[in-house]
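Reader: I am new to this structure. Please take me through one part of it closely, and then show me what lies around that part.

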Amino acid sequence: MDLGEINPVLLIASLMVAATPLLLAAIGELVVEKAGVLNLGVEGMMIVGAISGFAISVETGSPWLGFIAAAIGGAVLSLLFVLLTQVALANQVASGLALTLFGLGFSALMGQGYVGIKPPDMADIHIPVISDIPVIGPILFQHDPILYLGIALTAAVWATLKYTRVGLILRAVGENHDAAHALGYKVIKIRILAILFGGACAGLGGAYISLIRVPQWTEGMTAGVGWIALALVVFASWKPWRALLGAYLFGGITVLQLNLQAAGVAIPVEYLAMSPYIITILVLVILSADKSSAPASLGRTFHASH
Amino acid sequence: MLEKRPQPSKMWSYATPLVAVIATMVFGGVLFALLGKNPVEAIGTIFWEPLFGEFAFYYRPQLLVKGAPLVLIAIGLSLGFRAGIWNIGAEGQYIMGAIFGAAAGLAFYPLEAWFIFPIMVMAGALGGWIWATIPAVLKVRFGTNEILVSLMLVYVAEQMLASVSLGLLKNPEGFGFPGSRNLQQYESAYNAELIAGSGMHWGVVTALIAVIFAYVLLNRHMLGFHIRLTGEAPRAARFAGVNPARLVLFCLGLSGALAGLAGMFEVSGPSGVVSIDFNVGYGFTAIIVAFLGRLHPVGILLAGGLMALTYIGGEIAQSQLGLPAAAIQVFQGMLLFFLLAFDLLTNYRIRAARSEVA
């Protein structure tokens, strides 16, 4: 065992990379849940985003087009969730599960020709001088653009929810859809837009795994990240900055256990590999006591029948 | 526009699964056509070959082998789903049941005795029960979301499976290959067919007993009434004195035990070996089975048979027509989609639109 080989600077830099898919998916789901909808299909939308992004960037040679395709792919799948829960008024838990099961199968089908291929590289940004500062440079200024997009999105969602009228309406719909309806807001329309936004974010998160983090395509490669993102929203008490903090925490655990595996610690690999999931459970237990911040209409179907 | 029915339509609640199956066949056919296969031939292969084709004598027993774990798991899940308790980690409970069951059997190896198999059955149920009781206790004690916890435990169970196949339960005479001793070659632990060539093993019998048990529980027993009441009118249930904590522990525990049994019967019978790729997603497919069967025991029995048919038919279509395995997974997912969508007609009536101020 040689823990001295773990380089703290690289550890923090790779922690940020590991956290980004989680962050993107969690921010999307946070907006969806703020609108009062519980979409358990995050895992399915992520994996569809992962293969859409992968396929398009391999075909076109452009990772940017790949990420755009991933966002569209995730949003299209979430459209199925819209049809089920907002049009057909189906149970949201069951519909979310359906979305995940369908997404896993569909992505495996789409990805058949893409196993073992290397996707085009997305260059890390490099700002002269700043990026070369020791320690701070590699941690803060030497990443791919999507990582910064994740942070920017967090800030944008935070500001929108807190300071804008759109954010206020979204929260009103999520807290009490009957009251929002009585005030004349289009509950269903707002929820549909929120779900589509969530789908696009999950798609981006999935593509980040297949294009940058890994980067290759394997079936079921999201391996529960979508579910951890759902837990992260609870962890964050539906607050964007806490979602960022949580994502970095989980990213840190993932990277640390991988580093410990590589360093040959005396703990069996399987036990290290299960640690992120166990820690997710522990965090859920600790934070479940306070339910006060959950949107009051979360998971309830709205139908303007009265 | 939609108008909520005062009571769910009986007719549509029976009709929606059939309509969903037909819609899935149509859209599945379109999917197969897009993959360059003849849709009629593909659908025919999936639904006809296993039952009435040339080699049906081989496939029909397979229906029982594949259907039994699905029905067993789905029966357990349906009780919780009815009460709004969402155990979606049956896959993990299935794995733990298999590990516990196989470990109990292998602990006696090479002793041959009649009591080994019953002990394995109990150990399998215990393994699944423990794995499902974790989210139940956390929910009751701390209010933790059981959906996320039970699902996280699937990934933990998969790592456990990898760990024991490479370590604790590895076959000492296996030339270093991962995986346990083959229980099929250990007579006291082998869950053999009860009638040779029928596919009927103890897991099938247990699944049938579970169906009857669930039917009696839901229709003739106070606890079953409480489960239904909690799902349909949670407030009324509280006034009627239903203890929600007890219900959570019961529903999750029972569904875990049944999933554990399914895993144990699989590992000691058709599969025989604890290995890294032992689990094939029955725990997730069972969710589709439970909904397709309308969370009703008899419905689940029929739905389990249908889903087993798509598994076996899918395998035939894979070898004969080169249909990708993932296409069958999509097909099964589609079924759940259409079912949920058409369920609208059970609870709502479609009326000609009146103009009104939105």
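Author: This is a predicted model. Start at the end of one helix. Helix 12 of chain B is followed by Arg294(B), and the phi of Arg294(B) is positive, near 60°. Most residues other than glycine have a negative phi.

Helix 12 of chain B spans residues 282–292. How many of its eleven residues are buried? The count is eleven of eleven, so the helix is mostly covered, where buried calls for 20 or more other C-beta atoms within 10 Å.

The axes of helix 5 and helix 12 of chain B come within 7 Å. They cross at roughly 130°. An angle of that kind falls between 115 and 145 degrees, so the two helices are oblique to each other. The crossing of helix 5 and helix 12 of chain B is right-handed. Which residues make the contact? Helix 5 of chain B brings Ala90(B), Glu91(B) and Tyr94(B). Helix 12 of chain B brings Tyr282(B), Gly283(B), Phe284(B) and Ala286(B). By class, the residues of this contact divide into five nonpolar, one polar and one charged.

The contact between the chains takes 38 residues from chain B and 40 residues from chain A.

Follow helix 14 of chain B across to the partner chain. Helix 14 covers residues 325–342 of chain B, and it packs with helix 3 of chain A, residues 63–87. Their axes lie 8 Å apart, at an angle of about 30°. That makes helix 3 of chain A roughly parallel to helix 14 of chain B. The crossing of these two helices is left-handed. From helix 3 of chain A come Leu80(A), Leu83(A) and Leu84(A). They meet Phe337(B), Leu340(B) and Ala341(B) in helix 14 of chain B. By class, this contact has six nonpolar, no polar and no charged residues.

Helix 6 of chain B was on that list too. Val137(B) is found in helix 6 of chain B. Is Val137(B) buried or partly exposed? With 17 C-beta neighbours inside 10 Å, Val137(B) counts as partly exposed.

Ala68(B) sits in helix 4 of chain B, residues 56–82. It has 30 C-beta neighbours inside 10 Å and so counts as buried. Ala68(B) and Met200(B) are 132 residues apart along the chain, yet their C-alpha atoms are separated by 9.2 Å. Leaving aside neighbours within four places in sequence, Ala68(B) is in contact with Gly203(B), Val204(B) and Ala207(B).

Finish with positive phi, where we began. Turn to chain A and the loop between helix 10 (225–235) and helix 11 (240–263), where Ser237(A) is found. Ser237(A) has a positive phi of about 50°, although it is not a glycine. Trp238(A) is found in that loop between helix 10 and helix 11 of chain A. Its phi is near 60°, again positive in a residue other than glycine. Ser237(A) is partly exposed, with 15 other C-beta atoms within 10 Å. Trp238(A) is buried, with 21.

Notes:
Residues are numbered from 1 along each chain as its sequence is written. Chains are lettered from A and ligands numbered from 1 in the order in which they are written. This is a predicted model: local features need pLDDT of at least 70, side-chain atom pairs count only at pLDDT 80 or more; totals for chains, interfaces and linings use all residues. Axes are lines fitted to C-alpha atoms, for helices over the stretch in contact, and angles run from 0 to 180 degrees between N-to-C directions. Helices (H or I, at least four residues) and strands (E, at least two) are DSSP runs, numbered from the N terminus. Angles under 35 degrees count as roughly parallel, over 145 as roughly antiparallel, 65 to 115 as roughly perpendicular and the rest as oblique. A crossing is left-handed if the near helix is turned anticlockwise from the far one by less than a right angle, and right-handed if clockwise. Two residues are in contact if their C-beta atoms, placed from the backbone, lie within 7 Å. Ala, Val, Leu, Ile, Met, Phe, Trp, Tyr, Cys and Pro count as nonpolar, Asp, Glu, Lys and Arg as charged, and the others, Gly among them, as polar. A residue is buried if 20 or more other C-beta atoms lie within 10 Å of its own, exposed if 12 or fewer, and partly exposed in between; C-beta atoms are placed from the backbone.
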